[in-house]
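Try each task before reading its solution.

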There are 2 protein chains.
Amino acid sequence: MSITILGGGGFLGAKLARRLARDGRLGGRPVEALTLFDLQPPPPVDAPFPVRCLGGDVSDPAALAAAIPPETRVVVHLAAVVSAQAEADFDLGLKVNLHGTLSVLAACRALPSPARVVFTSSVASFGGGQGALLPDDARQVPGNSYGAQKAMGELLLADATRRGMVDAVSIRLPTVTVRPGRPNKAASSFVSAILREPLLGLPAELPVGEDFAVWICSPRRAVEWLLHAMAMDTAPLGADRGVNPPGLSARVGDMLAALERVAGPDARALVRPAPDPAVAAIVGGWPAAFTAERARARLGFSEQEPLDELVRAFVEDDLKETRRDRGL
Amino acid sequence: MSITILGGGGFLGAKLARRLARDGRLGGRPVEALTLFDLQPPPPVDAPFPVRCLGGDVSDPAALAAAIPPETRVVVHLAAVVSAQAEADFDLGLKVNLHGTLSVLAACRALPSPARVVFTSSVASFGGGQGALLPDDARQVPGNSYGAQKAMGELLLADATRRGMVDAVSIRLPTVTVRPGRPNKAASSFVSAILREPLLGLPAELPVGEDFAVWICSPRRAVEWLLHAMAMDTAPLGADRGVNPPGLSARVGDMLAALERVAGPDARALVRPAPDPAVAAIVGGWPAAFTAERARARLGFSEQEPLDELVRAFVEDDLKETRRDRGL
């Protein structure tokens, strides 16, 4: 089967590509070709099948037509302008997150039969705040443009699925933790930074209290969920193509305790309180927990591992590369 | 104040325009100018203020810039491809219902200060079916492209409101009954036809059973809601700019009993059962009732009048004109 990963140059896209290259199969069937597409052509991946690496704009129909050739059976649509950027530049967010998804649909409609489309939506498409435990049928009232654009994309792809144009699954990813890379300006940056930076031997600032809770998943688990969504039986989804996968609702204090268990008290001591009311105001609106019953009980999505394993997953999968990339 | 009605040539837009012309005021302030915009220039309205009648495509930015001049304070966005048409032509629905709303937002962003935008969304943006009593925070899982596109428009305008670009209210109109005009191919056509046709002395077919319930409002009530939304204090809406107004959940049997009370048993006898499983399958997915608590208790939307008054409203407001338009 032929697979295209849009946003294949990002950290999740690259992890997914490497995993497909390692497995050589998806859902019991051999992978015959892989296209990685991003703004810049993603680096090549060593695989037992041909890999094309293309650069282009996801909102450009011609670029997408090249990225989604007629034999494509699965499209993983990770290409997005992330939350902080979509908030800073409304038009760029609309262009990539909304018009990009419209272009993905247009390219998929040109295929001879409906492709599986796996769309990464987000926990940011919900409101609710710290007190919330959101059921699977919770209404999406996003408090940010990124979440609004993702919720619009979900509606578009669900309708296109109902019409038989595609066969879509929208996975509302939790805050992916521990993210490799560097601290950035995203309000959620600290969630990864308070684990990653101490594991690199560097200090990190904690802008919220230790009782603050966040809905998280590891990159490893996110890749498992994407692989599952790429091959799952979609009949049990019915009309609602959005999935809240079984992430983990974690208190910051518990994340730091896990850090200490895995890396010792010196690592834990590198995290210093630095209350930031602006960050707290933004992240305070995000829901901290979901029931995720449908994904668990009926759709076969695997459970996020406990916190100690989440920390160890970063050490095993990403620490060495992150150290090298950051010149440490 | 300057007002623009997009879709000003439709039956609701025309009624709203005539009402503004009669009142000369909105929310205690004088109306200074009115622009009516539709695919074809709407017929002029006799008013104590200047009225411009423009023709154009709602998805054309230049046409919208002309329709929404800098002094505009209120935009009523009724322009839409309706449900049956959006289902028959996916691209046309996207063009008008989604890209049209994007163009409305673009035109409003060019205004010197945020305009009130009243957007007519629809009960069709929900699923649920006959058994449902939908709360105000019900998730929108539309079973048709029209509803999906309306829900996307709601998300866009709510986000634009949060960003201070507009001040939007999205009213999810029930099935407007009694609609003037003729029976058409819309699955909901019978809801008006079983009242309108007998009042015109003509037969009508009933494709569902008498126990079938539908969430309705009169054109008169819809106009009151639009006027209220055009001038209301929007602060109590908070982040969720969608409103389920207090319509009426009516059984078909009760609608026919009201017809008989208003127009006699001969009128009632003109409605003949003609079960149509295809129509029943479509309309069976629509929710038949909403709590509408927020609109009633906190937002000041008026209550739909009982069925006898709904029937009499058509006789008083629209029977003569409908008879003339149809050459009866």
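**Exercise 1. Determine the hand of the crossing between H1(A) and H7(A), then describe how the two helices pack.**

Solution. This is a predicted model, so please read every value as computed from it. Two packed helices are described by the angle between their axes and the distance between the axes.

Step 1: look at the hand. H1(A) crosses H7(A) in a right-handed manner.

Step 2: The axes of helix H1 (residues 11-23) and helix H7 (residues 219-231) of chain A come within 10 Å, and they cross at roughly 65 degrees.

Step 3: find the residues that meet. On the side of H1(A) these are Phe11(A), Leu12(A), Lys15(A), Leu16(A) and Arg19(A). Their partners in H7(A) are Pro219(A), Ala222(A), Val223(A), Leu226(A) and Leu227(A).

Step 4: sort them by class. The contact of H1(A) with H7(A) holds eight nonpolar residues, two charged ones and no polar ones.

Now try chain B: helix H1 (residues 11-23) and helix H7 (residues 219-231) of chain B pack at about 65 degrees, with axes 10 Å apart. The crossing of H1(B) and H7(B) is right-handed.

**Exercise 2. Work out how chain B is related to chain A, and through which surface the copies meet.**

Solution. Step 1: superpose the chains.

Step 1: name the symmetry. This relation is that of a two-fold axis.

Step 2: locate the axis. In chain B the C-alpha nearest to it belongs to Arg139(B), at 2.1 Å.

Step 3: count the contacts. Here 19 residues of chain B touch 20 residues of chain A. Helix H5 (residues 145-162) of chain B gives the largest share of the chain B side, eight residues. By class, that side has 11 nonpolar, three polar and five charged residues.

Step 4: compare the two sides. Because 100% of the interface residues of chain B are also interface residues in chain A, the copies meet through the same surface.

**Exercise 3. Trace the sheet formed by S9, S11 and S13 of chain B.**

Solution. Step 1: read the order. The three strands make an open sheet, S9-S11-S13, with mixed pairing.

Step 1: pick out the edges. Strand S9 (175-176) and strand S13 (248-251) of chain B each pair on one side only.

Step 2: inspect one pair. Strand S11 (residues 213-217) of chain B runs antiparallel to S13(B), and four bridges join them. Across from Ser249(B) in S13(B) stands Trp215(B).

Terms used:
Residues are numbered from 1 along each chain as its sequence is written. Chains are lettered from A and ligands numbered from 1 in the order in which they are written. This is a predicted model: local features need pLDDT of at least 70, side-chain atom pairs count only at pLDDT 80 or more; totals for chains, interfaces and linings use all residues. Axes are lines fitted to C-alpha atoms, for helices over the stretch in contact, and angles run from 0 to 180 degrees between N-to-C directions. A crossing is left-handed if the near helix is turned anticlockwise from the far one by less than a right angle, and right-handed if clockwise. Two residues are in contact if their C-beta atoms, placed from the backbone, lie within 7 Å. Ala, Val, Leu, Ile, Met, Phe, Trp, Tyr, Cys and Pro count as nonpolar, Asp, Glu, Lys and Arg as charged, and the others, Gly among them, as polar. Copies are superposed by least squares on the C-alpha atoms of residues with pLDDT of at least 70 in both. Two strands pair if DSSP finds at least two bridges between them.
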